[in-house]
Amino acid sequence: MGAFNRWGLGTKLAVVATPLLAVAMALIALTLWLSWQLDGGAAAVNEAGRMRMQSFRLSLVIATRSDEQVARHVADFELSLQRLRDGDPERPLFVPWSTPVRERFSAVEGAWNRYRSDWIEADRTGDLTRLPPATASFAGTIDAFVLAIEARLSHWTAVMHIVQTVMFALAVLGAAA
């Protein structure tokens with residue numbers, strides 16, 4: 001302890017501040033990463049929400065029997081699925097994957113395959129009475145996926161609030177030291 005008393009004020013401040021600075025920098029990096037996760041997840045929620053709209057729009061186009069428009073809407077929907085699956089670094093868009101989110105996304109892909117085959121069959125037979133309930137059911141599957149993403153984003157938001165609270169406490173401790 002005697003050696004510490006002989007150090008100059010600048011050395012003492014450096015010894016105290018360096019660990020606090022290192023922890024603060026790590027926490028700042030963590031909050032930047034968390035905000036990036038939240039940005040990408042928000043874009044994923046937006047894209048998944050768009051898929052609900054696309055499913056209803058597709059149902060209306062099928063009812064009007066416009067094969068060209070149906071093909072365009074199917075391609076748009078499949079592009080949305082691909083964006084969610086692979087992400088889009090330009091936006092940024094990426095799904096905050098967790099087990100429940102993966103399960104819900106798999107359910108959306110399976111429901112999409114069933115929905116698509118149902119309306120193709122309905123279009124051939126001319127019986128479109130099953131299309132509105134199939135569309136509502138499919139949109140419900142997409143809603144469950146959106147809710148799973150939102151739950152994951154809520155988790156990341158809570159983590160970010162904890163990290164920010166720790167950063168605040170470190171700032172107070174650093175000022176006191």
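Predicted model: local features only at pLDDT ≥ 70, side-chain atom pairs only at ≥ 80, totals over all residues.

Q: OK, how many residues are in the largest nonpolar core?

A: That core has 38 residues, and L58, L84, W112, W119, F145 and I149 have the most contacts inside it. A nonpolar core here is a set of buried Ala, Val, Leu, Ile, Met, Phe, Trp, Tyr and Cys residues joined through side-chain atoms within 4.5 Å. Buried is under 20% relative accessible area, exposed is over 50%, and partly exposed is in between, using a 1.4 Å probe and protein chains only.

Q: Which helices each supply at least two residues of it?

A: Helix 2 (9-64), helix 3 (67-86), helix 4 (99-125) and helix 5 (131-176) do. Helix 5 gives the most, with twelve residues. Helices (H or I, at least four residues) are DSSP runs, numbered from the N terminus.

Q: What is L84 in contact with?

A: Leaving aside neighbours within four places in sequence, L84 contacts A44, E47, A48, M51, L93, V95, W97, F105 and F145. Contact means heavy atoms within 4.5 Å.

Q: Switching topic: at what angle do helix 2 and helix 3 cross?

A: Roughly 160°, with their axes coming within 10 Å. Axes are lines fitted to C-alpha atoms, for helices over the stretch in contact, and angles run from 0 to 180 degrees between N-to-C directions. Helix 2 and helix 3 are therefore roughly antiparallel, a label for angles over 145 degrees. Their crossing is left-handed, meaning that the near helix is turned anticlockwise from the far one by less than a right angle.

Q: What sort of residues make that contact, by class?

A: Between helix 2 and helix 3 there are eleven nonpolar, four polar and five charged residues. Ala, Val, Leu, Ile, Met, Phe, Trp, Tyr, Cys and Pro count as nonpolar, Asp, Glu, Lys and Arg as charged, and the others, Gly among them, as polar.

Q: Is Q54 buried or exposed?

A: Q54 counts as buried, because its relative accessibility is 7%. Q54 lies in helix 2 and touches D76, F77 and S80, not counting residues up to four places away in sequence.

Q: And how do helix 2 and helix 5 cross?

A: Their axes come within 9 Å and cross at roughly 165°. That makes helix 2 roughly antiparallel to helix 5. The crossing of these two is left-handed. By class, the contact has 31 nonpolar, eleven polar and three charged residues.

Q: What about S59, what does that one touch?

A: S59 is in contact with Y115, L131 and T135, leaving aside neighbours within four places in sequence. S59 is found in helix 2 and is buried, at 11% relative accessible area.

Q: Last one: which residues does W36 contact?

A: P92 and F94, again leaving aside neighbours within four places in sequence. W36 and P92 are 56 residues apart along the chain, and their C-alpha atoms are separated by 8.3 Å. W36 lies in helix 2 and counts as partly exposed, at 44% relative accessibility.

Notes: Residues numbered from 1 in each chain as written. Heavy atoms only, no water. Parallel < 35°, antiparallel > 145°, perpendicular 65-115°, else oblique.
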